[in-house]
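Please look through the sequence and the model below before reading on. The paragraphs that follow go from the whole chain to its parts.

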Amino acid sequence: MSMPSIVLSTFLLLFLPPLLFLTWYLHIPRALPNLPKIPIYVSILGLWSSMGQDEIYERWFRTPLENHGAVLVWFAGRWSVLVSRPDWLTDMFRNEQLYAKAGSQIKIPHAVIATLVGDNIINAHGENWRLYTNTMKAGLQKKVFDTTSLLKQSRKLVDVLIDLQKGVGVDKGILVNDDVQKWAVDVMGENFLDLDLKSLGQPNGAVRIEALQSIIKATLFKPMYFSFPDLDHFPWLLPSRKRAYNIMHEFDNRLYAKIMTMLDKRNQTKSNEQSEEMVSHMLGEAYTSGRITEKQFRDNLKITFLTAHENAQQLVTSMFWQLGTRVDIQDRLRSEILCTAKTHPNPSQEIINNLPYLTAVVLELLRLFPPVCQLINRVALQPALLGGELPIPKGTFVGWNAWAVHSNPAVWGEDAREFRAERWGESVEEMQGRFRRETVRGTYIPFNAHKRKCLGQGFALLQVKILLFVLLGRVSWVVDPEYRLKMTPVCCSSDGVYLMLILIGWDSCTAGLSGYFDRVGVFMKRLSSTG
Ligand code: HEM
């Protein structure tokens, strides 16, 4: 055999099979609708580029999504249809029987993410979903939430941030993310799981189950494994995957142990009525009576832990950034809040929900920074015609992008990308009416819509409003001028926010509130000096 033919046959032997495999693995199925295709490298851009999700969206997604209402995108190991046209979204959300929930436990059951979340109230379909909802709903959707614990946790967060700022001095920014996560985890624990986790105020890593959350987030959203979850088949070859599975198991086992200890204690002491309504008790009762299996019990505990802290955490981080660039919004909010605080230093849910500007600001934050920005977790159970127009073959995964809808000028007007709380109206009734209408139309979907919309929505809105209520009474802040916002690779939330906190001074509304503003006078800097 001549030298060139040896080289050629070696090349063919070595490279042809993987090339053929890759061509087959990455090809777009012919049956998929004729839509613009987002290049596959965009899904793994994070490997070599520091572009944030906002820049990626502008560069590759905005034009095709706004022109066509949907695109083909490589997501979690397959080509899927990502939709942004509101009437198509409404069709998808309304027809849950056709576009059925199918999370990672169905799509990629072997993967690390499926090990983490399992089959739960958010990603299950049919009988299982009904079982989980009947078990947990009453604990997720209380008519009236007691604000005592939320006020206490929010005051603690503000104390911690003020101490942090004092520690670094007036001219340096502080990173708020770690403490926001601790606050969100503690709030979730107290309100849904009957766990007093006490992570806020402790050094990073002191409460292992809270510290695990940062590790889990960093583990899950590695671009290569996120886009090619088939790699999770090889933990024996990829040590980082082995570590990832171990982390997920550690979280699972720690949470299970904590909940079982709490339930045992409760059974012995038969504690008060309020804790009867907690999700963890309802799940515990369903598990011990045999209505759900141990795996279903564990999976639903984990999803409650994750969803009830992570989304609030993201929203608050975005809030710190957005309001830290707009002191005028802080000022207007503060005057509304302080006038109420004068008569209601410990406001009830009703009082908080009656504040119009506060309501508008939170709705607008959710529009511009939807914590759940993109989800592709539904599958067409039959051949379908989305919105009567777009053919979707059976077995195709379909999903949505909230930022695409919320930032589309054709939907929200030319100022769609501007923060303008006034767009929600004047009165709380007007705002709630608009919130409901836009949700039903598929034009405002931070909590999704129709049958599978968020069950924690009422609590989440209250939680963020109470934090703002407490925060604005005590401090003003600006984003550290050296910090540049970068959206995280997966969601539309800010990726680490450095703030400079300034304790506010006295003004006409605060007179007489010395108990409420316990720190006034300790460290005073007038707002005007912040520029
Ligand atoms: C700012 C905070 C929150 C946001 C933005 C948010 C957003 C969402 C979204 C977009 C969905 C739909 C997911 C999908 O289509 O697969 C959802 C579902 C859900 N959320 Fe939330 N959520 C928040 C807070 C909470 C909290 C505090 C809880 C309490 C545990 C909660 C419990 C749920 C549940 C149980 C579902 C599943 C509903 C069902 O499918 O029947 N969420 N949430």
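Of the 531 residues of the protein chain, 43% count as buried. A residue is called buried if 20 or more other C-beta atoms lie within 10 Å of its own, exposed if 12 or fewer do, and partly exposed in between, with C-beta atoms placed from the backbone. This is a predicted model, in which local features need pLDDT of at least 70 and side-chain atom pairs count only at pLDDT 80 or more, while totals for chains, interfaces and linings use all residues. Residues are numbered from 1 along each chain as its sequence is written.

The protein chain has 20 helices and 10 strands. Helices (H or I, at least four residues) and strands (E, at least two) are DSSP runs, numbered from the N terminus. Contacts tell how the chain is folded together; two residues are in contact if their C-beta atoms, placed from the backbone, lie within 7 Å. Among contacts in the protein chain with a separation of 6 or more, 71% are between residues 24 or more positions apart.

Now turn to the strands. Five of them are arranged in an open sheet of 5 strands with mixed pairing, in the order β1-β2-β8-β5-β3. Two strands pair if DSSP finds at least two bridges between them. At the edges are β1 (70-75) and β3 (99-101), each of which pairs on one side only. On average, neighbouring strands of this sheet are turned by 45 degrees against each other, direction ignored. For such angles, axes are lines fitted to C-alpha atoms, for helices over the stretch in contact, and angles run from 0 to 180 degrees between N-to-C directions.

How many bridges join β1 to β2? There are 6, and the two strands run antiparallel. Within this pair, W74 stands opposite W79 in β2, and A70 stands opposite V83 in β2. The hairpin of β1 and β2 has 2 residues between the strands, and A76 takes a positive phi near 50 degrees there.

Is β1 mostly covered or mostly open? It is mostly covered, with 6 of its 6 residues buried. In a regular strand the side chains alternate between the two faces of the sheet. In β1, the buried residues are A70, L72 and W74 on one side and V71, V73 and F75 on the other, so that both faces are covered.

Among the helices, take α14 (residues 327-343). Its 17 residues reach 25 Å from the first C-alpha to the last, close to the 24 Å expected at 1.5 Å a residue. The expected span of a helix is 1.5 Å times one less than its number of residues. Buried residues in α14 are Q330, L333, R334, I337, L338 and A341. What covers them includes α13 (294-324), α16 (356-368), α20 (457-474) and β9 (475-479).

Which residues are closest to the ligand? They are A308, N311, C454, G456 and A460, out of 24 residues that surround the ligand. A residue counts as near a molecule or strand if its C-beta atom, placed from the backbone, lies within 6 Å of it. Two or more residues of this shell come from each of α6 (126-140), α13, β5 (374-380) and α20. The largest share, 6 residues, comes from α13. By type, the shell divides into 16 nonpolar, 7 polar and 1 charged. Ala, Val, Leu, Ile, Met, Phe, Trp, Tyr, Cys and Pro count as nonpolar, Asp, Glu, Lys and Arg as charged, and the others, Gly among them, as polar.

Finally, consider some loop residues. D194, in the loop between α8 (177-193) and α9 (208-220), has a positive phi of about 60 degrees although it is not a glycine. D194 counts as buried because 24 other C-beta atoms lie within 10 Å. N448 lies in the loop between α19 (428-441) and α20. It too is not a glycine, yet N448 has a positive phi of about 65 degrees. With 19 C-beta neighbours inside 10 Å, N448 counts as partly exposed. R291 is placed in the loop between α12 (279-288) and α13. The C-alpha atoms of R291 and L131 are separated by 8.4 Å, although these residues are 160 residues apart along the chain. R291 is partly exposed, because it has 14 C-beta neighbours inside 10 Å.
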